[in-house]
Amino acid sequence: MKASKHARKRAKPLSSGEKSPAGPGLRERKQQQTRERLKRAAMALFLERGFEAATIDDIAAAADVSRRSFFHYFASKEDVVAAWQEDAAAALVAGILARPADESMLTAAENAIAAAVKRIDPTEAAAMSRLKRDNPALHARDQLKYEKLERTLADGLAQRAGRKSDRLKARLVAMIATGAMRVGGESWIGEGAREKPEAFVKRTFDAVRAILK
């Protein structure tokens, strides 16, 4: 029995120049999964053994890939930590863009940061902060992270505002929010990481608002 004209039309394959709207292809999905597996394995080993003691061979073995495959995704162990930070920054900007339109820029930044820290394990976050603090190479990269984060937050806040006239305000709020994260994080570790991260975020931004009054 011949298929109907309508059925044949639906079954028409994509031409070489067309892309499927279904999302990333199988190869891309596998690459994303391998990258994520390497990142998780590396971070677990860093927390368990320390940054210096965890070798690239250890990370590759834990992620069930070859050493050569590791270098396909990351140039060094430091790059794994940087990727983890960049992914967190991207998630934070997505959180800012999702905040209600009636929130001020500073409130949107605070609430997005508070929501982000709720999703992390405080014990792991504290251990990772100490790891970066005590390793000179990671500490230097961590300072660069805040510079990139400030620019990323400014772009997100400006995009949320939707007006060119608000770009300066977005940059200033991003500077304040990034500074609050850096100083707040250092203070949180300095106080023994006893307080819930989201509660510390609120306390930090309350201090910022008191200064701005």
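Leaving aside neighbours within four places in sequence, E103 is in contact (heavy atoms within 4.5 Å) with A108, N111 and R160. The model is predicted: local features need pLDDT of at least 70, side-chain atom pairs count only at pLDDT 80 or more, and totals for chains, interfaces and linings use all residues. Residues are numbered from 1 along each chain as its sequence is written, and side-chain values use heavy atoms, with hydrogens and water left out.

E103 lies in the loop between helix 5 (77-97) and helix 6 (105-118). Helices here are DSSP runs of H or I with at least four residues, and strands are runs of E with at least two, both numbered from the N terminus. The side chain of E103 makes a polar contact with the side chain of N111, at 3.0 Å. A polar contact is a pair of N or O atoms within 3.5 Å; within protein, one must be able to donate a hydrogen and the other to accept it, and residues adjacent in sequence count only if both atoms are side-chain atoms.

T204, by contrast, lies within a helix, namely helix 10 (residues 197-212). A polar atom of the T204 side chain lies 2.8 Å from the backbone oxygen of F200. Residues up to four places away in sequence being set aside, T204 touches A180 and G184.

Both residues are listed below with their burial. Buried means under 20% relative accessible area, exposed over 50%, and partly exposed in between (1.4 Å probe, protein chains only).

| Residue | Relative accessible area | Class |
|---|---|---|
| E103 | 16% | buried |
| T204 | 14% | buried |

**Helix 2 and helix 7**

Helix 2 (residues 26-49) packs with helix 7 (residues 122-134) at an angle of about 75°, their axes being 10 Å apart. Helix 2 is therefore roughly perpendicular to helix 7, a term for angles of 65 to 115 degrees. Axes are lines fitted to C-alpha atoms, for helices over the stretch in contact, and angles run from 0 to 180 degrees between N-to-C directions. From helix 2, M43, F46 and L47 meet E124, A127, M128 and L131 of helix 7. By class, this contact has 6 nonpolar, no polar and 1 charged residues.

**The chain as a whole**

The chain has 10 helices and 0 strands. Of its 213 residues, 34% count as buried. Among contacts with a separation of 6 or more, 66% join residues 24 or more positions apart.

Methods:
Parallel < 35°, antiparallel > 145°, perpendicular 65-115°, else oblique. Nonpolar A, V, L, I, M, F, W, Y, C, P; charged D, E, K, R; others polar.
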